[in-house]
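Here's a quick briefing on the structure below.

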Amino acid sequence: MELGRLEYLQALVTEFQVTDSPEAKEQVLANLANFAYDPKNYEYLRQLQVLDLFLDMLAEDNETLVEFAIGGLCNLCLDKTNKDYILEANGVESIINCLSSSNEETVMSAVTTLMYLTTPQSRQQTTALPVVECMLRFSLSASRRLSNLATVFLEDYCTPLQVEEARNLSKHTAVGIPLPKD
Amino acid sequence: MNILVYSFFFFSPQVYTINLESRYLLIQGVPALGVMKELIEQFALYGAIEEYHALDEYPAEQFTEVYLIKFQKLQCARVAKKKMDERSFFGSLLHVCYAPEFETVQETREKLQDRRKYIAKATNQRECFLLKKIEGPKKTVSKNSEHDCPWSTSGSCAASNWDPSCFTSSHRVSHNTGYASGNHNQSLLAFPQYDNSCAETSGYFGQNTSLTLSVHPGGHTPPTSLMQRTVLIDNGVDRFMPRTTHLQERKRKREEGNKFSLIGTSVDSTEVIIGPQLPQVPKVDMDDDSLNTSATLIRNKLKEVADSVSRTSVQKPESSSAKPLVKQRRRI
């Protein structure tokens with residue numbers, strides 16, 4: 001039974017690599033990202049280097065692939081081993097880039113992933129000043145889901161000093177990056 | 001090859017993350033038949049419900065209503081959604097989706113924290129959470145929710161119907177306001193359209209059934225105290241009838257009344273008339289034979305015309321017998 005699961009995931013990964021159809025790629029990536037929700041699959045996903053696959057997809061032009069890849073990372077990044085792996089691979093940088101996506105789901109997953117990746121060691125990177133600035137803007141978003149998430153980020157993961165600093169900075173640069181589309 | 005076919009089956013894929021899930025469920029397609037009690041009872045089978053109410057302002061199909069249900073536990077909402085989405089309910093197909101847009105900041109925070117705890121437990125890592133300040137306010141909450149769906153609170157669940165527009169009797173108003181004053185308005189202010197994720201959800205659950213089931217091994221089989229809960233709901237809330245149903249009911253009664261008044265004028269020999277007869281039109285003596293004859297003629301003619309009008313209007317619904325039948329069926 002458990003062997004079947006590994007084989008199935010392996011088949012998905014192969015399918016992803018072999019297919020030329022963008023739709024098929026999206027479908028398979030979505031499947032993999034959904035499998036990443038269940039901790040039972042983490043060992044297999046690591047074995048099959050799906051974490052690298054997700055991280056690589058963040059650089060794609062196809063917005064849908066980015067959305068699914070960051071969703072997958074959001075699903076598995078709480079696990080200690082996965083977290084260490086993503087931090088080692090310098091994944092935080094490409095995750096931060098997702099914050100400027102126009103796709104709301106991509107932005108939401110990126111915010112949550114950054115929260116989950118925050119450790120005493122990674123904190124400096126995950127709560128860098130541009131990130132906090134971003135969160136300040138998101139906290140004013142009309143989308144309640146996004147504003148809630150950004151508020152949690154600011155209140156629980158940033159120091160009041162960091163928030164104050166970002167606030168002062170954004171005062172001077174009134175023109176911000178546009179908010180993600182709904 | 002197999003996989004390709006498998007994946008194409010789900011036309012537009014969606015990735016599910018904790019951000020898309022919620023203790024709040026949006027129930028669309030509930031027939032406007034005053035079946036809120038039945039609806040809530042059905043959903044309560046999957047866990048304790050903390051709040052519920054009709055969303056009167058939410059865009060809905062004709063003759064249907066939209067309800068918002070807040071479960072005490074995310075896992076209960078998850079199971080309820082899985083079981084109830086696309087289920088037939090009083091002849092209508094329910095559409096159930098998560099509604100995280102109704103969460104407060106604190107609820108979003110707790111949801112993320114619960115996922116953190118769950119993963120820590122599942123991967124056997126007693127990670128010390130680096131954010132002590134979250135732990136503070138959470139403690140009291142998590143203590144309660146340590147037991148899955150604590151039934152002891154179900155009494156208050158039944159009383160937590162806090163939609164102001166739903167109250168049909170003053171008794172219920174007084175019954176509710178005391179409890180609900182806290183969260184009366186908070187989540188009703190905005191109704192952002194949030195449909196993109198809903199359509200594919202059943203697909204996801206379909207494909208991942210074995211996984212989602214195994215996500216929480218310490219599972220929630222419906223507890224034996226189920227009956228007790230149902231009884232509590234019965235005690236708490238009388239049969240509820242939403243406003244739209246009331247209006248429909250009133251309209252139907254009015255129409256029925258009109259119909260009967262028309263039938264009443266048509267002199268049908270087989271019909272048994274019960275109750276006092278309407279006063280007859282007084283016969284006026286015109287003090288002149290010729291005038292009286294004319295008056296009688298006119299009176300008879302008027303009666304004839306009136307009878308023929310009422311007869312056709314009575315015949316109409318009979319001739320198209322399908323129409324009233326359909327109408328009646330909706331009143332089950």
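Strand β3 of chain B is a covered one: 8 of its 8 residues are buried. That goes for both faces, with B:Thr64, B:Val66, B:Leu68 and B:Lys70 on one side and B:Glu65, B:Tyr67, B:Ile69 and B:Phe71 on the other. Keep in mind throughout that this is a predicted model.

**Strand pairing around β3(B)**

- Strand β1 of chain B, residues 24-31, runs antiparallel to β3(B), and 6 bridges join the two.
- Within β3(B), B:Ile69 is the residue that stands opposite B:Leu25.
- Strand β2 of chain B (residues 49-54) also pairs with β3(B), which covers residues 64-71; the sense is antiparallel and there are 5 bridges.
- Two pairs to look up here: B:Glu51 stands opposite B:Lys70, and B:Ala54 has B:Tyr67 as its bridge partner.
- β2(B) has 5 of its 6 residues buried, so the rest of the structure largely encloses this strand.

**B:Thr64, in strand β3**

- B:Thr64 belongs to strand β3 of chain B.
- Its relative accessible area is 19%, which makes B:Thr64 buried, but only just, because the cut-off is under 20%.
- The B:Thr64 side chain reaches the backbone oxygen of B:Glu61 at 2.7 Å.
- Setting aside neighbours within four places in sequence, B:Thr64 contacts B:Gly29, B:Val30, B:Pro31 and B:Ala32.

**B:Phe89, in strand β4**

- B:Phe89 sits in strand β4 of chain B, residues 88-89.
- B:Phe89 has a relative accessibility of 6% and counts as buried.
- Not counting residues up to four places away in sequence, B:Phe89 touches B:Val30, B:Pro31, B:Val35, B:Glu38, B:Leu39 and B:Leu94.
- B:Phe89 and B:Gln42 are 47 residues apart in sequence, and their C-alpha atoms are 9.6 Å apart in space.

**Helix α3 of chain B**

- Helix α3(B) spans residues 74-84, and with 8 of its 11 residues buried it is largely enclosed by the rest of the structure.
- The buried set is B:Leu74, B:Gln75, B:Cys76, B:Ala77, B:Arg78, B:Ala80, B:Lys81 and B:Met84.
- Just past the end of α3(B), B:Glu86 adopts a positive phi of about 65°.

**Chain A overall**

- Over in chain A there are 12 helices and 0 strands.
- Of the 182 residues in chain A, 57% are buried.
- Take the chain A contacts between residues at least 6 apart in sequence: 68% of them join residues at least 24 apart.
- Chain A has an accessible surface of about 7,800 Å², and carbon and sulfur atoms account for 54% of that.

**Nonpolar cores**

- Which residues touch the most other members of the largest nonpolar core? They are A:Phe54 and A:Met135, in a core of 68 residues.
- Helix α8 of chain A (residues 104-117) gives the most to this core, with 8 residues.
- A second, separate core has 25 residues, including B:Leu33, B:Tyr46, B:Tyr52 and B:Ile69.
- Back to A:Met135: leaving out residues up to four places away in sequence, A:Met135 touches A:Leu99, A:Val111, A:Leu114, A:Ala150, A:Phe153 and A:Leu154.

**Helix α5 of chain A**

- With 12 of its 14 residues buried, α5(A) is largely enclosed by the rest of the structure.
- Among the buried residues of α5(A) are A:Leu65, A:Phe68, A:Ile70, A:Cys74 and A:Leu76, along with the polar A:Asn75 and A:Glu67.
- At the start of α5(A), a side-chain oxygen of A:Asn62 comes to within 2.8 Å of the backbone nitrogen of A:Thr64.

**A:Asn82, in helix α6**

- A:Asn82 is part of helix α6 of chain A, residues 80-88.
- Buried or exposed? A:Asn82 is buried, with a relative accessible area of 0%.
- Beyond its neighbours within four places in sequence, A:Asn82 is in contact with A:Tyr42, A:Arg46, A:Leu51 and A:Leu76.

How values were computed:
Residues are numbered from 1 along each chain as its sequence is written. Chains are lettered from A and ligands numbered from 1 in the order in which they are written. This is a predicted model: local features need pLDDT of at least 70, side-chain atom pairs count only at pLDDT 80 or more; totals for chains, interfaces and linings use all residues. Side-chain values use heavy atoms; hydrogens and water are left out. Buried means under 20% relative accessible area, exposed over 50%, partly exposed in between (1.4 Å probe, protein chains only). Helices (H or I, at least four residues) and strands (E, at least two) are DSSP runs, numbered from the N terminus. A polar contact is a pair of N or O atoms within 3.5 Å; within protein, one must be able to donate a hydrogen and the other to accept it, and residues adjacent in sequence count only if both atoms are side-chain atoms. Two strands pair if DSSP finds at least two bridges between them. Contact means heavy atoms within 4.5 Å. Accessible areas come from the Shrake-Rupley method with a 1.4 Å probe; for residues, only the protein chains shown count as cover. A nonpolar core is a set of buried Ala, Val, Leu, Ile, Met, Phe, Trp, Tyr and Cys residues joined through side-chain atoms within 4.5 Å.
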